[in-house]
Amino acid sequence: DATRVDLTGRTVMPAIIDTHTHLGQTRAELVEDLQRKAYYGVSVAMGLGLDPGDLSCQVRTETIPNAARYRTAGRGITMPEPGRSEIPYWITSEEEARTVVRELAAKDVDLVKIWVDDRNGQYEKLSPALYGAVIDEAHQHGLRVTAHIFTLEDAKGLLRAGVDAFAHSVRDMDIDEEFVALFNDRPNVVLVPNLGNRGVAMDLSWLSETIPADELQEMQTASTDRPDSQETFAIQARNLAKLNSAGIQIAFGTDGNAGWSQHVELEDMVAAGMTPNQAIVAATRNSANFLQLADVGTLEAGKIADFIVLEANPLDNITNTRRISAVYLRGTPVDRAALSELWTGQ
């Protein structure tokens with residue numbers, strides 16, 4: 001009694017897994033963000049450190065129609081950052097570090113998130129002693145730690161301390177051979193490059209089905225060439241190319257709540273030197289492995305039927321991931337027409 005759907009001439013790929021998001025903090029906002037992710041082909045989204053209270057853990061257990069599944073790191077850990085965010089745990093001692101990790105373990109979070117960043121000199125950042133205590137305590141509870149970083153120096157220190165993943169790549173300078181060697185000595189460490197904005201003007205017309213026309217026009221007007229962003233992207237691109245060539249495990253994340261940003265990140269990864277196939281594998285199989293999700297990430301017997309139907313092959317051009325004909329989550333088509341009407345009024 002199976003239903004047969006003719007996909008002649010189309011391309012099927014696994015649904016995308018976004019391991020670095022910051023979604024809404026009320027139930028309505030979070031559900032909408034998960035539906036926007038689903039509309040654009042995401043099957044699982046990971047909230048990375050800005051989830052207060054118990055809502056994220058509750059939603060994690062639910063199956064919401066037309067929505068991506070949710071995973072969460074709960075509240076992340078950093079030094080005090082007054083005026084920036086009140087959500088993360090602020091710690092100033094090793095005892096506090098271990099105490100908050102135990103709280104996170106009691107909530108059975110999927111990862112522990114730390115920030116090691118002085119925010120352009122505005123704050124004191126986590127010291128090696130503090131992030132070392134977090135990593136040690138997390139490992140004692142069977143939890144892995146992913147780190148927001150900016151500088152090469154901090155990235156090296158974290159690798160030596162046993163960090164499990166990076167939520168960003170190095171952004172202050174080109175990496176050196178010592179850093180590549182540290183990575184190679186730790187083959188289980190995962191890099192989520194999270195490239196950010198390339199600083200080039202983009203045609204955003206492909207977003208017309210989910211963004212009202214007046215808002216989209218404002219976004220299009222703001223999409224301009226920005227030389228400063230291009231220079232920053234170039235550093236990250238060279239670093240990603242070097243680590244990719246070295247065979248480092250690369251997964252996928254977008255660092256935000258835009259439903260469509262995963263398609264921009266895929267284009268950015270290819271612009272940085274990855275092949276379309278490598279970028280897609282990072283966003284599907286590798287990200288599933290990183291989040292320890294055995295039932296998604298590839299299309300094979302016994303796994304959940306999470307996949308995207310495309311009008312053209314993304315191996316020919318990575319922007320073809322945007323040419324979505326249908327999205328299936330848990331074997332059921334996402335009602336993209338109803339969601340589009342809800343968001344645009346068309």
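This is a predicted model: local features need pLDDT of at least 70, side-chain atom pairs count only at pLDDT 80 or more; totals for chains, interfaces and linings use all residues.

**Stop 1**

Show the strands as a cartoon. Look for an open sheet of 4 strands in the order E1-E12-E13-E14, paired in the antiparallel sense. Its edges are strand E1 (11–14) and strand E14 (332–333), and each of these pairs on one side only. Strands of a sheet pair through backbone hydrogen bonds.

Now select residues 307–310, which make up strand E12. E12 and E1 run antiparallel to each other, joined over 4 bridges. Which residue of E12 is the bridge partner of Val 12? Select Val 309: that is the partner.

**Stop 2: Pro 14**

Stay in strand E1 and select Pro 14. Is Pro 14 buried or exposed? Pro 14 counts as buried, because its relative accessibility is 15% and the limit for buried is under 20%.

Display what surrounds this residue. Leaving aside neighbours within four places in sequence, Pro 14 is in contact with Thr 284, Gly 297, Thr 298, Leu 299, Asp 306, Phe 307 and Ile 308. Ser 43 is 29 residues from Pro 14 along the chain, and their C-alpha atoms are separated by 8.9 Å.

**Stop 3: Asp 316**

Move to the loop between E12 and strand E13 (324–329), and select Asp 316 there. Asp 316 has a relative accessible area of 65%, so this residue is exposed; the cut-off for exposed is over 50%.

**Stop 4: a salt bridge within a helix**

The count for the model comes to 22 salt bridges. Begin with Glu 32 and Arg 36, whose closest N and O atoms are 2.9 Å apart. Both are in helix H1 (residues 27–39). They are 4 residues apart, so about one helical turn separates them. Glu 32 is partly exposed, with a relative accessible area of 31%. Arg 36 is buried, at 19%.

**Stop 5: a network**

Select Glu 81, Arg 84, Asp 117 and Arg 119 together. These four are linked in a network of salt bridges. Zoom in on one pair: the side chains of Arg 84 and Glu 81 meet at 3.5 Å, N to O. Arg 84 is partly exposed, with a relative accessible area of 46%. Glu 81 counts as buried, at 4% relative accessibility.

**Stop 6: a link between distant parts**

Now select Asp 268 and Arg 198. They form a salt bridge, with the closest N and O atoms 2.9 Å apart. Which parts of the chain does the pair link? Asp 268 is in helix H9 (residues 261–271). Arg 198 is in the loop between strand E10 (190–191) and helix H7 (213–222). The partners are 70 residues apart, and the pair links distant parts of the chain. Both ends count as buried: Asp 268 at 2% relative accessibility and Arg 198 at 19%.

**Stop 7: the largest pocket**

Rolling a probe the size of a water molecule over the atoms shows where empty space is left. Select Gly 196, Asn 197, Met 202, Trp 260 and Val 264. Of the 19 residues that line the largest pocket, these lie nearest its centre. The largest pocket has a volume of about 310 Å³. H7 and H9 are the elements that give two or more residues to its lining. The largest share, 4 residues, comes from H9. Colour the lining by type: 7 residues are nonpolar, 8 are polar and 4 are charged.

**Stop 8: the cavity**

How many cavities of 30 Å³ or more does the structure hold? There is 1. The volume of the largest cavity is about 40 Å³. To find the largest cavity, select its lining: Leu 34, Val 59, Glu 62, Thr 63, Ile 64, Ala 67, Ala 68, Arg 69, Tyr 70 and Arg 330. This lining divides into 6 nonpolar, 1 polar and 3 charged residues. The tour ends here.

Note on methods:
Residues are numbered from 1 along each chain as its sequence is written. Side-chain values use heavy atoms; hydrogens and water are left out. Two strands pair if DSSP finds at least two bridges between them. Buried means under 20% relative accessible area, exposed over 50%, partly exposed in between (1.4 Å probe, protein chains only). On a 1 Å grid over the protein atoms alone, a cavity is a set of points where a 1.4 Å probe fits but cannot get out, and a pocket is an open set with protein on both sides within 12 Å along at least five of seven lines; lining residues have an atom within 4 Å of a point. Grid points are joined across faces, edges and corners, and a volume is the space filled by probe spheres set on the points. Ala, Val, Leu, Ile, Met, Phe, Trp, Tyr, Cys and Pro count as nonpolar, Asp, Glu, Lys and Arg as charged, and the others, Gly among them, as polar. Contact means heavy atoms within 4.5 Å.
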